[in-house]
Amino acid sequence: NITCRRIGDMSRLASLSCLCLPLLLGIGLYPFWSVPSSEDLEIAEIEVLKVITSSTEKKLVPVGDGKYISTFIFKPPAHPHPPAHPVVMVHGFGGASLFYFKNIDALTKGRMVITMDLPGFGLSSRFNFTPSADEAERQFVEIMEIWRIQMKLDRFILAGHSFGAYLVTCYAIKYPSHIHHLVLLDPWGFAEGPSPETADEVVGTFPPGIRISVAVNKVFSFYPLSHIRASGPVGYFLLRLTRPDLLRIFGETTFNYLYHCIAQIPSGEIGYYHIQHLFAWAKRPLVKRIGLLHNPIGITMITGANSWLNNSLTGQWIQQQRPKSHFAAHEVVDAGHHVYAERSEEFNALMTSVCAGVDDA
């Protein structure tokens with residue numbers, strides 16, 4: 001155990017050491033730098049939209065107290081016959097609606113696709129999340145339900161990636177009556193976290209950028225992406241340094257969109273901070289609650305074979321707690337955590353098949 005702790009300490013020190021120079025440079029350049037604004041994010045969003053050819057409508061959906069959820073509606077070229085269920089796709093932690101830019105045109109060939117910036121993320125309003133895991137989770141879910149009511153959605157397919165998969169599952173447990181099917185894309189927050197004795201060893205297997213977020217969280221008790229914002233004018237370059245995988249997966253334009261999402265005033269990130277444990281796990285893991293999900297709702301899980309998140313037992317847990325409900329699991333070869341973007345053609349074909357099967361059911 002002593003050896004394990006020493007290895008963990010060394011891993012955290014190594015992760016944090018690469019932050020020192022960018023932070024120092026950032027402090028020195030602060031007087032000559034303009035803080036990224038929501039207008040900068042809007043410009044970055046427009047650039048990503050240019051690669052999407054589907055008919056697009058953007059809405060700022062009111063959810064009370066003058067706040068809104070930034071929403072995109074992507075429409076099929078013709079009315080599907082017979083009518084197809086719309087699919088709502090929810091992004092993961094740190095992201096926003098257009099992370100699905102590689103999937104939208106393929107999916108809108110058969111149905112309406114709706115994406116939303118989660119509360120406090122992207123260009124949605126900033127919310128004050130209660131510093132309690134169950135309360136912060138409840139706030140996310142209640143805002144999502146107000147959004148659904150405002151969008152007049154009924155009987156739809158609900159898909160979520162990573163933290164988004166966690167939230168759509170929490171939402172489905174609380175408000176099951178309007179959901180026809182649940183699609184979990186490399187879901188976060190199902191498994192229980194490791195013991196204190198093995199946590200450092202497990203974290204040591206994560207990609208460097210994830211290890212840095214864990215270290216920032218654990219050592220300083222800062223929000224997971226604080227180091228990017230604290231680096232000021234060199235934050236973009238720090239993000240490139242620590243997450244070259246995301247640059248490779250999404251390309252320059254969407255990576256710039258990601259940076260401007262992170263650079264905004266944190267809010268959804270704070271809600272996530274209250275829900276998470278050591279970044280990679282939830283304080284209230286869904287493995288203990290998935291049995292509460294209304295039986296008629298089927299679940300499809302799509303994971304990447306090379307993901308840093310370990311979902312090897314998630315399907316088994318779901319089936320054990322919901323033995324009378326439909327469940328299907330698909331693992332995409334040569335894909336990691338961002339399975340929808342890394343192997344987009346395979347994912348689009350699979351997602352199209354899943355949605356068509358739901359329509360026929």
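How many disulfides does the count come to? It comes to 0, where a disulfide means a pair of cysteine sulfur atoms within 2.5 Å.

## What you're looking at

This is a predicted model, so local features need pLDDT of at least 70 and side-chain atom pairs count only at pLDDT 80 or more, while totals for chains, interfaces and linings use all residues. Residues are numbered from 1 along each chain as its sequence is written, and side-chain values use heavy atoms, with hydrogens and water left out.

## The cysteines

Let's stay with cysteine for a moment. Cys 170 is buried, at 5% relative accessible area, and Cys 261 is buried too, at 8%. Here, buried means under 20% relative accessible area, exposed means over 50%, and partly exposed is in between (1.4 Å probe, protein chains only).

## Salt bridges across the chain

Now for the charged side chains. Searching the whole structure turns up 14 salt bridges, each one a side-chain nitrogen of Lys or Arg within 4 Å of a carboxyl oxygen of Asp or Glu. One of them pairs Lys 58 with Glu 45, and their closest N and O atoms sit 2.7 Å apart. This pair links distant parts of the chain: Lys 58 belongs to strand S1 (residues 55-64) and Glu 45 to helix H2 (residues 38-49), 13 residues apart. Those labels come from DSSP runs numbered from the N terminus: helices are H or I with at least four residues, and strands are E with at least two. Lys 58 is partly exposed at 37% relative accessibility, whereas Glu 45 is buried at 4%.

Another bridge joins Arg 284 to Glu 137, at 3.1 Å from N to O. Arg 284 lies in the loop between strand S8 (281-282) and strand S9 (298-304), while Glu 137 is in helix H4 (residues 133-151), so the pair ties together parts that are 147 residues apart in sequence. Arg 284 is partly exposed, with a relative accessible area of 29%, but Glu 137 is buried at 7%.
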